[in-house]
Amino acid sequence: MNPSHALTGLVGHYGYPGLALLVGAEGFGVPTPGQTAIVLGAGYATHGRLSVVGVAVTAFLAAVAGDSVGYLIGRYGGRRLILRHGRRLRLTPQRYARMEAVMDRHGPKLVAAARFVDGLRQFNGVVAGATGMPWPRFVLYNAIGAAAWVGLWTTVGYTAGDHLRALVVDLHRFQWYLVATAVVLTLAYIGWWLTRRSARDR
């Protein structure tokens, strides 16, 4: 059985707790299909098995809570690990300091937008915590991004109606391509930005 299909089955078996588990765990780096779980939960609401408001509220609270756990992980352990082992990934203290500068300048926008990008969504809170973004600012923009993200996929699932099964199959089929693409583009951008910054400093 496809592990992703088995995980999303938690929504069908356990309803809101299953949805909360999948969405929340995704927020601190666990590769669970939270986005698909929201679509599935909203689809069940179409047929009266769940409430669409309940799905939206559960997913929103779980998303904010999951990212908050990720933030705490990054804040109280991420920075130390990066400075100790980052050189293995060519993330030197100087480059880490530049990443902190980027988060200081553009952090709120990145936190809100990362919710819509597979790969970034899973480590959004960890990165924000590790780079020292203030907690109140993180909570505010994380909540804004989570509200928009949950609203979008709840609407998609609820309006899909009888086409829900085909939609979920398509999401499972393409989600790993989206993750790989997002990771490659993110690493390419970071590499380009660091190279440009190093050349400018010289």
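Analyst: A polar contact is a pair of N or O atoms within 3.5 Å; within protein, one of them must be able to donate a hydrogen and the other to accept it. Please note that this is a predicted model.

User: Which side chain does R115 make a polar contact with?

Analyst: The side chain of R115 makes a polar contact with that of D67, at 2.6 Å. The pair also counts as a salt bridge, with the closest N and O atoms 2.6 Å apart.

User: Where are D67 and R115 located?

Analyst: D67 belongs to helix 4, while R115 sits in the loop between helix 5 and helix 6, so their pairing ties together parts that are 48 residues apart in sequence. That loop runs between helix 5 (93-114) and helix 6 (120-130).

User: Is R115 buried or exposed?

Analyst: R115 has a relative accessible area of 1%. Buried means under 20%, so R115 is buried.

User: What else is R115 in contact with, leaving aside neighbours within four places in sequence?

Analyst: Besides D67, R115 is in contact with A63, R121, N142, G145, A146 and W149.

User: How many salt bridges are found in the whole structure?

Analyst: The search finds two. Apart from the D67 and R115 pair, R121 forms a salt bridge with E26, where the closest N and O atoms are 3.3 Å apart. R121 lies in helix 6 and E26 in helix 2, so this pair ties together parts that are 95 residues apart in sequence. R121 is buried, at 1% relative accessible area, and E26 is buried as well, at 2%.

User: Why is helix 6 described as largely enclosed by the rest of the structure?

Analyst: The description applies because eight of its eleven residues are buried. These are R121, Q122, N124, G125, V126, A128, G129 and A130. Helix 6 is followed by G132, which has a positive phi near 80°.

User: Changing topic: which residues have the most contacts inside the largest nonpolar core?

Analyst: Those residues are V11, L19, V23, I38 and W149, in a core of 19 residues. Helix 2 (16-26), helix 3 (34-46), helix 4 (52-85) and helix 7 (135-160) each give two or more residues to this core. In general, nonpolar side chains tend to be buried together in soluble globular proteins.

User: And what does L19 touch, not counting residues up to four places away in sequence?

Analyst: L19 touches V11, A37, I38, V55, T58 and A59.

User: Which residues does the second core include?

Analyst: The second core is separate and has six residues, among them Y71, M103, A128 and F138. A128 is also one of the buried residues of helix 6.

User: Now the surface. Which residues form a nonpolar patch there?

Analyst: F28, V30, V69 and I73 form one, with about 280 Å² of accessible area together. V30 lies in the loop between helix 2 and helix 3. At a relative accessible area of 31%, V30 is partly exposed.

Methods
Residues are numbered from 1 along each chain as its sequence is written. This is a predicted model: local features need pLDDT of at least 70, side-chain atom pairs count only at pLDDT 80 or more; totals for chains, interfaces and linings use all residues. Side-chain values use heavy atoms; hydrogens and water are left out. A nonpolar core is a set of buried Ala, Val, Leu, Ile, Met, Phe, Trp, Tyr and Cys residues joined through side-chain atoms within 4.5 Å. Buried means under 20% relative accessible area, exposed over 50%, partly exposed in between (1.4 Å probe, protein chains only). Helices (H or I, at least four residues) and strands (E, at least two) are DSSP runs, numbered from the N terminus. Contact means heavy atoms within 4.5 Å. Patches are made of residues with over 30% relative accessible area and no salt bridge: like charges are joined within 9 Å, nonpolar side chains (Val, Leu, Ile, Met, Phe, Trp, Tyr) within 5 Å. Accessible areas come from the Shrake-Rupley method with a 1.4 Å probe; for residues, only the protein chains shown count as cover. A salt bridge is a side-chain nitrogen of Lys or Arg within 4 Å of a carboxyl oxygen of Asp or Glu.
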